[in-house]
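Keep the picture open while you read.

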Amino acid sequence: MGMCKPSGGVNKVYGPFGKNIKDIEGCAPNSRTDYYDEVTGELLQQRWYDAEGKAIWDRDWKHNDSNNTHTFPHDHYWDWEKNSEHPPRLEYVGPNGEKINMNYC
């Protein structure tokens, strides 16, 4: 199931480069937040929320990468089962080594 047009809408926020979207819960159910650089207007990150308003998926479009180890864009998922108060944001690696899940767009 893709989330190209989340039923809960898309929230646009602007902030400094090198930061992440702050909200990981308490957001509009089935929504997405798009985070833009406040200076350049570039899309930096997207975050999708589940039916309870908890973060479930991130796509990083650009961030600090001083060691040139990241491919952009790349995805992360939130594992609420490991820790319900501070869930880890884990790297997504698809069955063929891909770094993005095309079900999220």
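Look first at contacts, where contact means heavy atoms within 4.5 Å. Among those in the protein chain between residues at least 6 apart in sequence, 34% join residues at least 24 apart.

A word on what you are viewing: this is a predicted model, in which local features need pLDDT of at least 70 and side-chain atom pairs count only at pLDDT 80 or more, while totals for chains, interfaces and linings use all residues. Residues are numbered from 1 along each chain as its sequence is written, and side-chain values use heavy atoms, with hydrogens and water left out.

The protein chain has 0 helices and 6 strands; here helices (H or I, at least four residues) and strands (E, at least two) are DSSP runs, numbered from the N terminus. From that end the order reads β-β-β-β-β-β. The radius of gyration of the protein chain is 13 Å, close to the 13 Å that the globule rule gives for 105 residues, so the chain is as compact as a globular protein of that length. That radius is taken over C-alpha atoms, and the rule is 2.2 Å times the number of residues to the power 0.38.

How much of the chain is buried? Of the 105 residues, 34% count as buried. Buried means under 20% relative accessible area, exposed over 50%, and partly exposed in between (1.4 Å probe, protein chains only).

Next, the charges. Side chains of opposite charge can pair when their charged atoms come close. The structure holds 8 salt bridges, each a side-chain nitrogen of Lys or Arg within 4 Å of a carboxyl oxygen of Asp or Glu.

One of them joins Arg59 and Asp75 (2.7 Å, N to O). Arg59 lies in strand E4 (residues 55-60) and Asp75 in strand E5 (residues 74-78), so the pair ties together parts that are 16 residues apart in sequence. Arg59 is buried at 4% relative accessible area, and Asp75 is buried at 0%.

Another joins Arg89 and Asp60 (2.9 Å, N to O). Arg89 lies in strand E6 (residues 89-91) and Asp60 in strand E4, so this pair ties together parts that are 29 residues apart in sequence. Arg89 is partly exposed at 27%, whereas Asp60 is buried at 3%. Salt bridges that share partners join Arg47, Asp58, Asp60 and Arg89 into one network.

Finally, find Glu52 and Lys54, whose side chains meet in a salt bridge (3.9 Å, N to O). Glu52 is exposed at 61% relative accessibility, and Lys54 is partly exposed at 22%.
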